[in-house]
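Thanks, everyone, for making the time this morning.

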Amino acid sequence: RDAIQYNLKTLMFICLIISIPATFAQDNQTITDEDNVTDYYFDVNADSDGNGLKDTPFKNFTDVRVKDNTTSHLASGEYIFEKSREFSNVSFYGHNPHDTILNGNGSALTIKGIANFRNLTLTNFKISNVGELNAFSTFFTQLIATKTSYNNTWGGAIYAESNKNIYLDNCTFFDNHAEYGGAIYVNQSCSNFTFVDCLFKNNTVFTDNPNINDGGFGGAVYI
């Protein structure tokens with residue numbers, strides 16, 4: 001009996017030794033492996049620059065922190081891109097389109113794969129989308145039209161060249177300008193597009209061609 005109790009105590013002691021390092025390791029796994037993260041959080045009003053987690057968001061919105069196959073969650077504020085970028089499968093979710101602004105800083109935003117926008121304002125971008133575009137409760141304003149090889153400007157807000165799908169729900173397009181499609185230019189190769197409860201306001205077309213008197217085509221959407 002004494003031998004059994006001794007063996008049990010020895011076994012419990014060994015288990016305790018093994019469990020302590022395991023617990024210690026678990027408690028210290030607080031460093032974010034950014035290669036495995038798909039959701040990043042940003043808050044320009046945060047007190048300090050965090051690690052991109054929900055409770056410790058990034059304060060600084062830099063290009064290297066916006067990656068393919070990720071979702072960027074933006075708190076109220078303005079977020080400015082540093083340069084033109086090309087993305088594949090990205091999402092940008094804001095707090096409210098009235099107070100969350102994604103500013104392209106005059107750059108080009110080329111989307112491949114799937115792009116999702118929700119609850120924010122997009123401005124000062126040249127958006128070219130050759131994948132799939134979904135937008136919900138998003139404002140598109142004062143964007144930059146795409147200039148084609150014909151030296152014309154197409155799509156004041158969105159130039160949909162060869163999209164698989166475009167889905168726009170409760171979006172507002174205002175103060176966008178182009179020669180073809182003041183707000184949106186949809187190429188014939190776009191297989192499916194849907195507009196639900198969208199508002200188009202003060203989007204205009206123009207032309208520099210003296211042989212055209214009516215000034216551009218498609219004040220809101222050119223298909």
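Let me start with confidence: the protein averages a pLDDT of 78, and 73% of the residues score at least 70, pLDDT being the predictor's confidence in each residue, from 0 to 100. This is a predicted model, in which local features need pLDDT of at least 70 and side-chain atom pairs count only at pLDDT 80 or more, while totals for chains, interfaces and linings use all residues. Residues are numbered from 1 along each chain as its sequence is written, and side-chain values use heavy atoms, with hydrogens and water left out. Over residues 2-34 the pLDDT stays under 50, and for that stretch the model has seven contacts beyond four places in sequence, where contact means heavy atoms within 4.5 Å.

Turning to the fold, the protein has one helix and 17 strands; these are DSSP runs numbered from the N terminus, with helices being H or I of at least four residues and strands E of at least two. Among contacts between residues at least 6 apart in sequence, 50% join residues at least 24 apart. Of the 223 residues, 39% are buried, where buried means under 20% relative accessible area, exposed means over 50%, and partly exposed lies in between (1.4 Å probe, protein chains only).

Which residues have the most contacts inside the largest nonpolar core? They are Leu102, Phe117, Leu122, Phe140 and Phe173, in a core of 34 residues, the term standing for a set of buried Ala, Val, Leu, Ile, Met, Phe, Trp, Tyr and Cys residues joined through side-chain atoms within 4.5 Å. Several strands each supply at least two residues of this core, among them strand 1 (39-42), strand 4 (85-93) and strand 6 (132-141), and strand 5 gives the most, with nine residues. Leaving aside neighbours within four places in sequence, Leu102 is in contact with residues including Phe61, Leu74, Phe92, Leu122 and Phe125.

A search of the whole structure finds two salt bridges, each defined as a side-chain nitrogen of Lys or Arg within 4 Å of a carboxyl oxygen of Asp or Glu. In one of them, the side chains of Arg65 and Asp49 meet at 2.8 Å, N to O, and both residues sit in the loop between strand 1 and strand 2 (70-74), 16 residues apart. Arg65 counts as buried at 19% relative accessibility, whereas Asp49, at 33%, counts as partly exposed. In the other, the closest N and O atoms of Glu86 and Lys112 are 3.4 Å apart, and this pair links strand 4 with strand 5 across 26 residues. Glu86 is partly exposed at 48%, and Lys112 is partly exposed at 38%.

Finally, two backbone details deserve a careful look. Most residues other than glycine have a negative phi. Asp197 has a positive phi of about 50°, lies in the loop between strand 14 (192-196) and strand 15 (199-201), and counts as exposed at 64% relative accessibility.
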